Structure formats: structure tokens, C-alpha cells
Amino acid sequence: MSVSGRPVTPLRCPICQNELDRVVIRDIGGVTADIVWQVHAGFCYDHGWFQAEIVKRPPREIFGVDRPFGPVRRLIVDGEETFAFTTVWGALSGDEQRQPADPLDPRFWRVSDRSSLAAVQPGAIRRKA
Ligand SMILES: [Zn+2]
């Protein structure tokens with residue numbers, strides 16, 4: 001938990017890896033008490049809103065969204081249309097994903113393939129109408 005009372009999330013901007021502002025965490029639990037089910041959202045001043053969903057396991061993808069819990073938005077990264085960024089967790093094999101894992105372990109929340117994103121300049125990504 002954060003000292004300031006602000007919600008803490010492993011979610012980072014999948015494009016620049018910066019910490020996100022205006023973090024919101026919605027707990028969707030209640031279906032089954034022992035399943036962690038949360039949606040984390042946060043805002044990057046350069047790249048907009050992103051969110052990811054934990055259903056017991058770390059998120060498989062990070063999505064760009066119009067607003068927290070809002071519709072997925074389409075991003076243009078390096079000239080390519082992108083709706084979601086696969087996380088390290090999402091890139092694991094099925095066997096590896098069956099191992100016990102802390103859903104909040106930030107290592108799993110990293111974008112799995114940074115090579116193509118490293119070249120992206122802030123101006124190269126924009127919202128498509
Ligand atoms: Zn960013």
C-alpha cells in the first residue's frame with residue numbers, strides 16, 4: 001500500500017515505461033472470494049490511458065483505452081495499428097502460466113517485446129479518430 005493513500009499498481013505506460021498518473025483500481029471480486037479480479041488503469045501524459053485486468057494471474061495484455069474502464073482505443077505505433085501490448089506474462093508458454101505467480105509482480109507486467117517500441121518517438125504514436 002502506498003503511504004500517501006494513492007493506489008499502487010505495477011502498470012506502466014507500455015510505450016515509455018513511465019509510471020502512470022491518476023491510477024484507478026477497480027475490484028471486481030465477489031464471484032469467487034479467493035480469486036483476485038481487478039482492473040488497473042492509469043494515465044500517461046504523453047500516451048494517454050492504459051489499463052490491464054488481473055483475473056487471478058498477471059495480465060496478459062495492456063490495452064490503450066479512452067478512459068478508465070472505457071472502450072479500447074486504437075493506437076498507431078511505428079506505423080502499425082495496435083490495440084494491445086502483450087506482457088511478459090502473456091508471452092509465457094501455457095505450462096509456464098500454470099505455475100504459481102504473484103499477479104502483482106511487476107516483472108510480469110512489462111511489455112514483452114520492447115525492440116520495436118524502443119524506436120517509437122512520442123510524436124509517432126497518435127490516437128486514430
Ligand atoms: Zn507513455
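Ala52 counts as buried because 27 C-beta neighbours sit inside 10 Å, and 20 or more are enough for that label. This alanine lies in strand β3, which covers residues 48–55. Keep in mind as you browse that the model is predicted.

**Around Ala52**
- Leaving aside residues up to four places away in sequence, Ala52 touches Leu11, His40, Pro59, Glu61, Ile62, Phe63 and Trp109.
- Ile62 is another partner of Ala52. With residues up to four places away again left out, Ile62 touches Leu11, Pro14, Phe50, Ala52, Ala84, Phe85, Thr87 and Val111.

**The nonpolar core**
- Which residues have the most contacts inside the largest nonpolar core? They are Leu11, Cys13, Leu20, Phe50, Ala52 and Ile62, in a core of 16 residues.
- The elements that give two or more residues to this core are β2 (37–44), β3, β4 (61–65) and α3 (106–109).
- Of the contributing elements, β3 gives the most, with three residues.
- As general background, nonpolar side chains in soluble globular proteins tend to be buried together.

**The five-stranded sheet**
- In what order do the five strands of the open sheet run? The order is β1-β2-β3-β4-β7, and the pairing is antiparallel.
- The edges are formed by β1 (21–27) and β7 (84–86), each of which pairs on one side only.
- From one strand to the next, the twist averages 20°.
- In general, strands of a sheet pair through backbone hydrogen bonds, either parallel or antiparallel.

**Strand pairs, one by one**
- Five bridges link β1 and β2 in the antiparallel sense. Asp27 stands opposite Gln38 of β2.
- β3 and β4 are antiparallel as well, with three bridges between them. Here Phe50, one of the core residues with the most contacts, stands opposite Gly64 in β4.
- The hairpin of β3 and β4 has five residues between the strands. In this hairpin, Lys56 takes a positive phi near 70°.
- β4 also joins β7 through three bridges, and these two strands run antiparallel.

**The whole chain**
- The protein has four helices and eight strands. Along the sequence they follow the pattern β-β-β-β-β-β-β-α-α-α-α-β.
- What share of the 129 residues is buried? Buried residues make up 23%.
- Taking contacts between residues at least 6 apart in sequence, 48% join residues at least 24 apart.

**Confidence in the model**
- The mean pLDDT of the protein is 83, and 81% of the residues reach 70 or more.
- Over residues 115–129 the pLDDT is below 50. Beyond near neighbours in sequence, this stretch has 21 contacts in the model.

Definitions and conventions: Residues numbered from 1 in each chain as written. Predicted model: local features only at pLDDT ≥ 70, side-chain atom pairs only at ≥ 80, totals over all residues. Buried ≥ 20, exposed ≤ 12 C-beta atoms within 10 Å, placed from the backbone. Contact = placed C-beta atoms within 7 Å. Core = buried A, V, L, I, M, F, W, Y, C linked by C-beta atoms within 7 Å. Pairing = 2+ DSSP bridges. Axes fitted to C-alpha atoms, helices over the stretch in contact; angles between N-to-C directions. pLDDT = per-residue confidence, 0-100.
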